[in-house]
Amino acid sequence: MASERPLVAGAAAALLVGVATLVRASAADNGAFVFPLDDAYIHLAMARTLAEHGTWGINAGEFASATSSPLYTALLAAVFAAFGGGEAVPLALNLVAGVAALALAAARAPSRGAAAVVLALVLVLGPLPFVAALGMEHTLHAALVLALAHVGLG
């Protein structure tokens, strides 16, 4: 893996640039970054309500199972409770998960050249920057699947 570290670092930089470009393009449209899907905002609202009021729902004191990914919502709530919340939290989590996915994807490559091809495919065909900018759980799912494959392959 030591020989793949520069490749992973380069792929991580490409991921960061891709997400930053998407965020900047969205902000240029109306002055603020906006997630392209409303699901991200549902996760954020439920996580905030859970962290601040202990209620699983959109409104304090009113249960509503409106999330499509309960574990991701719980993860967001834990981050909100520990560090505070906001729209940057899902992006930060996606960047961390994206870097983990890249490292795991390169870890099993038989050579440096193969690792470069795998990383390029994950970035472009994934398409990892676009998926990360959704602010949802998909990047974390990809990292977890790659981690399970990594462990399963021994």
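## Basis

The model is predicted, so local features need pLDDT of at least 70 and side-chain atom pairs count only at pLDDT 80 or more, while totals for chains, interfaces and linings use all residues. Residues are numbered from 1 along each chain as its sequence is written, and side-chain values use heavy atoms, with hydrogens and water left out.

## Nonpolar core

The largest nonpolar core has 26 residues. Such a core is a set of buried Ala, Val, Leu, Ile, Met, Phe, Trp, Tyr and Cys residues joined through side-chain atoms within 4.5 Å. Buried means under 20% relative accessible area, exposed over 50%, and partly exposed in between (1.4 Å probe, protein chains only). Leu15, Phe35, Leu102, Leu119 and Leu123 have the most contacts inside the core.

Helices (H or I, at least four residues) and strands (E, at least two) are DSSP runs, numbered from the N terminus.

## Helices α1 and α5

The axes of α1 and α5 come within 10 Å and cross at roughly 15°. Axes are lines fitted to C-alpha atoms, for helices over the stretch in contact, with angles from 0 to 180 degrees between N-to-C directions. The two helices are therefore roughly parallel (under 35 degrees; over 145 is roughly antiparallel, 65 to 115 roughly perpendicular, the rest oblique).

From α1, Pro6, Leu7, Val8, Ala11, Ala14 and Leu15 meet Arg112, Ala115, Ala116, Leu119 and Leu123 of α5. Contact means heavy atoms within 4.5 Å. Leu119 touches Leu7, Val8, Ala11, Leu102 and Ala106, leaving aside residues up to four places away in sequence. Ala14 lies in α1 and is partly exposed, at 36% relative accessibility. Ala14 and Leu123 sit 109 residues apart in sequence, yet 8.0 Å apart C-alpha to C-alpha.

## Aromatic cluster

Phe33, Phe35 and Tyr41 form one aromatic cluster. Rings of Phe, Tyr and Trp (its six-membered ring) pair if their centres lie within 6.5 Å; planes under 30 degrees apart are stacked, over 60 edge-to-face, the rest tilted. The count is 2 aromatic pairs. Phe33 and Phe35 pair edge-to-face, 4.9 Å centre to centre with 80° between the planes. Both are buried. Phe35 and Tyr41 also pair edge-to-face, at 5.4 Å and 65°. Phe35 has a relative accessible area of 3%, whereas Tyr41 is partly exposed at 28%.
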